Amino acid sequence: MHQSAGSEPSRQLGTTTARYLATGSLTAGRYGLYRWDMGGPGGATPHFHRTFSESFYILSGTVAVYDGANWADGTAGDFHYVPEGGIHAFRNADPDTPASMLILFAPAWRLHDSSTRATGS
């Protein structure tokens, strides 16, 4: 399968642009790869996924990633892995500076695999 640069579907979420680089329909459900560009404040509150892992590869800026207990800042080249069921969150650590990362879901995220919000974190 091939998808030309710039032809991928995207979604605007405030100052964040989510680009769906490789969805499950392109990868036979094996993984999903998204580019997450935060132009200001942005991120996700603590949550977990029951049926897939999530990984973050920081491209630019500083992204704070929560592992269920602590926040850790990641910069270009840093990698964070969250196993199935692992509570996690992320945010642009410096809302005045854009930050970008790749997010890998394995297997690919499907609508019925929706996130579950974590409480008490």
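Tutor: A residue counts as buried when its relative accessible area is under 20%, as exposed when it is over 50%, and as partly exposed in between, with a 1.4 Å probe and protein chains only. The structure above is a predicted model, in which local features need pLDDT of at least 70, side-chain atom pairs count only at pLDDT 80 or more, and totals for chains, interfaces and linings use all residues. Residues are numbered from 1 along each chain as its sequence is written, and side-chain values use heavy atoms, with hydrogens and water left out.

Student: What share of the chain counts as buried?

Tutor: Of the 121 residues in the chain, 36% are buried.

Student: How many helices and strands does the chain have, and how do they follow one another?

Tutor: Helices (H or I, at least four residues) and strands (E, at least two) are DSSP runs numbered from the N terminus. Here there is one helix with 11 strands, and reading from the N terminus the order is β-β-α-β-β-β-β-β-β-β-β-β.

Student: Is Asp37 buried or exposed?

Tutor: Asp37 is buried, because its relative accessibility is 15%.

Student: Which residues form salt bridges with Asp37?

Tutor: A salt bridge is a side-chain nitrogen of Lys or Arg within 4 Å of a carboxyl oxygen of Asp or Glu. The structure holds two of them. In one, Asp37 pairs with Arg19, and their closest N and O atoms are 2.4 Å apart. This pair links distant parts of the chain, since Asp37 lies in strand S3 (residues 32-38) and Arg19 in strand S2 (residues 16-22), 18 residues apart.

Student: Which residues have the most contacts inside the largest nonpolar core?

Tutor: In soluble globular proteins, nonpolar side chains tend to be buried together. A nonpolar core is a set of buried Ala, Val, Leu, Ile, Met, Phe, Trp, Tyr and Cys residues joined through side-chain atoms within 4.5 Å. The largest one here has 16 residues, and those with the most contacts inside it are Trp36, Met38, Phe56, Val63, Phe90, Met101 and Ile103. At least two residues of this core come from each of S2, S3, strand S5 (53-60), strand S6 (62-66) and S10, and S10 gives the most, with four residues.

Student: Which residues are in contact with Val63?

Tutor: Contact means heavy atoms within 4.5 Å. Leaving aside neighbours within four places in sequence, Val63 is in contact with residues including Met38, Ile58, Ala72, Phe90, Ala99 and Met101. For the chain, among contacts with a separation of 6 or more, 64% are between residues 24 or more positions apart.

Student: Where is Asp96, and is it buried or exposed?

Tutor: Asp96 sits in the loop between strand S9 (88-92) and strand S10 (99-106). Asp96 counts as exposed because its relative accessible area is 75%. The C-alpha atoms of Asp96 and Pro41 are separated by 7.8 Å, although these two residues are 55 residues apart along the chain.
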